[in-house]
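I opened this entry to note what I looked up in the model. I kept to one topic at a time.

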Amino acid sequence: MKNIYLIGGMMGVGKTTTCRILKNKLPNCVFLDGDWCWDMHPFQVTPKIKKMVMENICFLLNQFIRCSAYENIIFCWVMHE
């Protein structure tokens, strides 16, 4: 069985720190941060880039969901929906 932990909140509240601590406490765990898919220069938010980032996030999450080596998936991001 997979456990997926969605850690949301505003910027600067400690999501990443919380996720890193949780990752070290849970067995067979992976930590994914949605911000990694937005780490670009120059930073741009256009409809095409937003679509690409969302597809990349979904792809990464689905790959780890399918992977039998990990039972715990931690995902953090400033989730507005």
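I started with the side chain of Asp-33. It makes a polar contact with the side chain of Thr-16, at 3.2 Å. The model is predicted, so I took these distances as computed values.

I then placed Asp-33 in the fold: this residue is in strand 2. Is Asp-33 buried or exposed? Asp-33 is buried, yet it has no salt bridge. I looked for the nearest side chain of opposite charge and found Arg-20, 6.6 Å away. Leaving aside neighbours within four places in sequence, I listed the contacts of Asp-33 as Thr-16, Phe-75 and Cys-76.

Next I checked the nonpolar cores. Which residues make up the largest one? I counted 12 in all: Val-30, Leu-32, Cys-37, Trp-38, Ile-49, Val-53, Ile-57, Leu-61, Phe-64, Ile-73, Phe-75 and Trp-77. Strand 2 (29–33), helix 2 (47–66) and strand 3 (72–77) each give two or more residues to this core. Helix 2 supplies the largest share, five residues. I also noted a second, separate core of seven residues, including Cys-19, Cys-29, Phe-31 and Cys-76. In general, nonpolar side chains in soluble globular proteins tend to be buried together.

Not counting residues up to four places away in sequence, Val-53 touches Cys-37, Trp-38 and Met-40.

Then I went through the backbone. Where is the cis peptide bond? I found it joining His-41 and Pro-42, with omega about 0°. Pro-42 lies in the loop between strand 2 and helix 2. I also flagged Asn-28, a residue other than glycine with a positive phi, near 45°. Asn-28 sits in the loop between helix 1 (15–25) and strand 2. I read its relative accessible area as 43%, which makes Asn-28 partly exposed. For background, most residues other than glycine have a negative phi, and most peptide bonds are trans.

Last, I took the overall view. The protein chain has two helices and three strands. From the N terminus on, I read the order as β-α-β-α-β. The C-alpha trace spans about 35 × 30 × 25 Å along its principal axes. Of the 81 residues, 28% count as buried. I looked at contacts with a separation of 6 or more: residues 24 or more positions apart account for 69% of them. The chain exposes about 5,900 Å², and carbon and sulfur atoms supply 60% of that area.

Key. Residues are numbered from 1 along each chain as its sequence is written. This is a predicted model: local features need pLDDT of at least 70, side-chain atom pairs count only at pLDDT 80 or more; totals for chains, interfaces and linings use all residues. Side-chain values use heavy atoms; hydrogens and water are left out. A nonpolar core is a set of buried Ala, Val, Leu, Ile, Met, Phe, Trp, Tyr and Cys residues joined through side-chain atoms within 4.5 Å. Buried means under 20% relative accessible area, exposed over 50%, partly exposed in between (1.4 Å probe, protein chains only). Helices (H or I, at least four residues) and strands (E, at least two) are DSSP runs, numbered from the N terminus. Contact means heavy atoms within 4.5 Å. Lys and Arg count as positive and Asp and Glu as negative; His and the chain ends are not counted. A salt bridge is a side-chain nitrogen of Lys or Arg within 4 Å of a carboxyl oxygen of Asp or Glu. A polar contact is a pair of N or O atoms within 3.5 Å; within protein, one must be able to donate a hydrogen and the other to accept it, and residues adjacent in sequence count only if both atoms are side-chain atoms. Accessible areas come from the Shrake-Rupley method with a 1.4 Å probe; for residues, only the protein chains shown count as cover.
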